[in-house]
Amino acid sequence: MNKLIVLCISFAITVVNCDLCSFCKCYDSEDVLNIYCTGASRNRTIELDNIVWPTGKKIVAHFNHLGLTFMPKLTGDANVIGLNFDNNAISMFTPEPLQFFKNLERFSLASNELKQIPKDFIRTQLQLRHLNLSHNALEDIDTTMLGYIQQLQTLDLSHNRFHKISTELLLALPHVEVLNLEGNLIFDIEDLAGDSGDSDEDTRGLSIKELNLSKNNFAVITAKTFADFDKLEHLDISRNKIGNINQRAFRKMTNLRWLDVSENIIEDLHLHLPESVEIFHARANRLKMWPLTKLPEAITEIHVGNNRLTELFTLTDTMSALTFLNASDNLIEYLPDHVALPQMTTLDLSFNQLTSVPQGMSIRTPAMEILILDHNPIETILFVDHITVASLSINNMPNIRAIDAKAFSAVRGRIPRENRTCVTISIARCPLLHEIHEQAFQGVDLCKLDLSGNNLTKIPENLTDWSKLVDGIDLQDNPWDCTCSSQWMLDRILNLLYKNPKHQHFLTDFRCASPESFAGQRMVRYYKRRLAFCHASEYMTIKPSQDAPVEAGFSISMKQGSSPVPIIIGASIFILLSLVAAGFFMAREERRRLRRNRERRLFSDIQ
């Protein structure tokens, strides 16, 4: 008989009738008692078919990482509503191990070594609603067993070895709403109608609303593949080997709200989606054309990044309730002006082929909050038309060399602050950017400015009102020229960052690149050192190691041609005087010691 290893008493005996909470961890959660018997306790044993269950509350019990290979008929209890035997090595069962758990709602055997579920695993009616058999080696499941758990709502068969979804399996799941078959070898779904051509009677009982078929072997999706799943709301067929999807494959699924066809090998896609679809994923395929023949009325999110798209939308699309569009990593050259997107809040056009900043967005996308234009071949940044955003990202631009006057003057902020609305602008990691005009941000109320990782050596002091950048200033990883013209950066920017603990991380790589005496040094080392960049050649220059604080040490730099003789003479005189003073002090202390010794001997003789 297989034994469950537990700790009940302090010496080696086999425990038979012992309250689980005396050797397993028990936690109260409202009206449920959670019991955790894990492999951490292997000193004592308890017989699984002779468990004494705690009383008074509903129970969810976990028996994990115990190395179990066999499941006997467990001691039942009406209070047990959940049993979890995940992460063992179970491959065999006694008939009907769950027979005495009349109120069991959840049962999990995930991550074991199951190759089959025998017919006699369940032979009496159970109230089971959630069954998890994932991460095993199942190739099929006996539908006779499923006939005894008619109340089943979720079935997890993910990461097994199923090759198809059989008609028998589907018909055995009349009330299942969530079916997870991710990570199998499935390439086909059998048609419930068979050869009769009439599936109305069969599909009346099919209640599946969420179907996960990700990471399987589907190659083609036909018009009939999901014809029997008319109640589906959530469908995931991502990460298969799909090269072709019939344009009407989902059209009759009038309840569908979420569809994911990402990470396949689809080149041409012209889907007729039902008006109910809210979220559509088609990223990481090989799409060359816009994949939807028409934008569904309910659509709010579209993810088509990492494809080969050259255009967005179709000519028949004029208005949409779309709020989020990720079209990054494509070949898009412009943003079409015939589609109104009044509810759009996030637009990602990074890693495309835009050669200029999109214009007219205040009219087409008046609710915009986040605009991402990273890594496009734009050479000149200029917002001509007004645009209101919370965050504007223009990072990794390979062709930008300079930012001209009034480049961002049409940008307005959307982030609420005290008596104002401001914007976060990031122009980082542009390898050729070396110059910013003093009027580049004229009229722009900035919350935060990120200019890190560029090729800037100087920036104008009056570029913006630095004190209003309450969310931070990032100037790190630039080759700053720490001469007198940059002294204001120490006095103003460094002071602002240093005084705010939340912004001190912006000082980590805020370093000088020139002149040579400052090269590689962090600017924070010169915090509060008056005119450190203006008189470096005339006064003491602090030269600590790169990772030590300013006060850790320094060397004295002298002007070229000055003689060290006066310093040597002065140091010698100081050392000599110190030695003479030390000698006088030691002689005086020795005389005092001798006098005290004589007095003690005289007092002793008198006594």
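Mentor: Happy to. A nonpolar core is a set of buried Ala, Val, Leu, Ile, Met, Phe, Trp, Tyr and Cys residues joined through side-chain atoms within 4.5 Å, where buried means under 20% relative accessible area (1.4 Å probe, protein chains only). This is a predicted model, in which local features need pLDDT of at least 70 and side-chain atom pairs count only at pLDDT 80 or more, while totals for chains, interfaces and linings use all residues. Residues are numbered from 1 along each chain as its sequence is written, and side-chain values use heavy atoms, with hydrogens and water left out.

The largest nonpolar core has 158 residues, and L83, F250 and F408 touch the most other members. Helix 5, spanning residues 487–499, gives the most to this core, with six residues; helices here are DSSP runs (H or I, at least four residues), strands are E runs of at least two, and both are numbered from the N terminus. In soluble globular proteins, nonpolar side chains tend to be buried together.

Let's stay with F408. Leaving aside residues up to four places away in sequence, F408 touches I381, F383, L392, I394, I403, I425, I427, A440, F441 and V444, a contact being heavy atoms within 4.5 Å.

As for the setting, the protein chain holds six helices and 36 strands, and buried residues make up 46% of its 607 residues. Among its contacts between residues at least 6 apart in sequence, 48% join residues at least 24 apart.

Definitions and conventions
Buried < 20%, exposed > 50% of the residue type's maximum accessible area, 1.4 Å probe, protein only.
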